[in-house]
Amino acid sequence: MTDGIVTPVSQALAEGKLTRDELKSLMQRSDGPAFRHLAVWVLVLAGTTTLITLAWNSWLIWPAMFLHGIVLVHHFSLQHECVHYTVFRTREFNNIAGQICGLIIMLPHRFFRYEHCDHHTYTQLDGEDPELIPMPETYGEYLLYLSAIPYWKTKFSEITSHALGRLSDAEKRFVPKEEHGSIYREARIMLGIYALIFAGMAVTDWWGLVWYWLIPLFLGEPVMRFIRMTEHVGRPTVTKMTENTRTNLVSAPWRFLCWNMNYHAEHHYVPLVPYHTLPLLHEKLRDHIHIEPGGYLGAHRDILGKIHEARA
């Protein structure tokens with residue numbers, strides 16, 4: 001750590017948790033694991049899409065859309081990895097995949113990259129970490145966040161403001177001045193694509209994407225909010241990564257969907273380690289990080305317990 005800035009790679013090496021040779025091996029990027037993962041990913045998407053089609057004239061379309069939405073919102077996990085350029089071997093593939101994911105979940109990729117960089121630099125520091133999720137003070141605040149209403153309000157406001165050529169003072173802290181124009185163009189292009197999609201549906205009178213994409217996206221986002229809370233919420237707002245970040249031990253299907261981001265403390269220690277070698281890094285660091293054995297549910301029990309204690 002230098003002048004309050006956490007440098008995960010330097011910290012991990014300095015504390016002797018990894019040797020340089022081990023780290024070099026773990027940081028090797030490869031296309032193979034990603035393409036295999038994506039092949040299964042497409043099959044899962046095809047399966048959940050088929051469920052919606054089969055349930056089209058039944059109330060079962062709602063649980064089908066919910067399941068499909070859970071998969072859709074997890075494009076965030078893939079985009080997150082692409083931001084770190086660790087999914088594929090080349091930056092080009094990472095950028096393409098990240099932009100596609102961002103279009104699916106309405107998260108501009110270039111903007112997210114700059115925002116996420118500061119998240120890693122100032123993790124859990126109030127007023128510095130642009131992705132910090134405040135600890136809920138009441139059960140009502142907890143449920144409101146899980147509803148994803150504040151999330152969508154923020155995202156719609158962000159993309160509209162960017163398209164109009166505006167960045168907030170907070171955003172100007174992490175977006176370089178020379179990149180402001182790129183952020184504005186990115187938002188305008190995304191809104192333009194969405195406008196064309198809706199215009200196409202209006203012209204053809206086929207509104208299937210509302211049922212295969214938009215409604216599932218809104219239904220699934222609370223699940224992503226539920227997961228995102230488990231990474232840092234309720235942990236101390238300090239720079240020490242052994243304290244401010246959780247690793248959640250979850251089942252294989254969840255690890256698949258989140259591209260191993262349940263190993264979140266390990267990811268913060270060495271962000272350049274690709275998702276497919278994070279389980280190996282976990283074995284190296286498991287005695288030195290905060291592990292939530294109850295997984296996502298365990299993390300929420302901890303969060304709810306802290307709310308209860310604060311109100312007692």
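Biologist: What makes Arg246, Glu292, Asp302 and Lys306 a network?

Modeller: Salt bridges link Arg246, Glu292, Asp302 and Lys306, a salt bridge being a side-chain nitrogen of Lys or Arg within 4 Å of a carboxyl oxygen of Asp or Glu. By this rule the structure has 11 salt bridges. The model is predicted: local features need pLDDT of at least 70 and side-chain atom pairs count only at pLDDT 80 or more, while totals for chains, interfaces and linings use all residues. Residues are numbered from 1 along each chain as its sequence is written, and side-chain values use heavy atoms, without hydrogens or water.

Biologist: How do you know that Arg235 and Glu243 form a salt bridge?

Modeller: Their N to O distance is 3.7 Å, which is within the 4 Å limit, so the pair counts.

Biologist: Is Arg235 buried or partly exposed?

Modeller: Buried means under 20% relative accessible area, exposed over 50%, and partly exposed in between (1.4 Å probe, protein chains only). Arg235 has 13%, so Arg235 is buried, while Glu243 at 31% is partly exposed.

Biologist: What makes Arg225 and Glu221 a salt bridge, and where do they lie?

Modeller: The closest N and O atoms of Arg225 and Glu221 are 2.9 Å apart. Both residues lie in helix α12, 4 residues apart, about one turn of the helix; helices are DSSP runs (H or I, at least four residues), strands are runs of E (at least two), and both are numbered from the N terminus. Arg225 is buried at 4%, and Glu221 is buried at 3%.

Biologist: Why is Arg225 said to sit over the ring of Tyr151?

Modeller: The charged end of Arg225 is 4.0 Å from the ring centre. The rule asks for NZ of Lys or CZ of Arg within 6 Å of the centre and within 35 degrees of the ring normal. Arg91 likewise lies over the face of Tyr85, at 3.9 Å from the ring centre.

Biologist: How many aromatic pairs are there, and why is the pair Trp62 and Trp211 called edge-to-face?

Modeller: There are 16 aromatic pairs. Trp62 and Trp211 are 6.1 Å apart, centre to centre, with 70° between the planes. Rings of Phe, Tyr and Trp (its six-membered ring) pair if their centres lie within 6.5 Å; planes under 30 degrees apart are stacked, over 60 edge-to-face, and the rest tilted, so 70° gives edge-to-face. Trp62 lies in helix α4 (residues 61-73) and Trp211 in helix α12 (residues 208-232), so the pair ties together parts that are 149 residues apart in sequence.

Biologist: And why is the pair Phe76 and Phe112 tilted?

Modeller: The ring centres of Phe76 and Phe112 are 5.4 Å apart and the planes are at 40°, so the pair is tilted. Both residues are buried.
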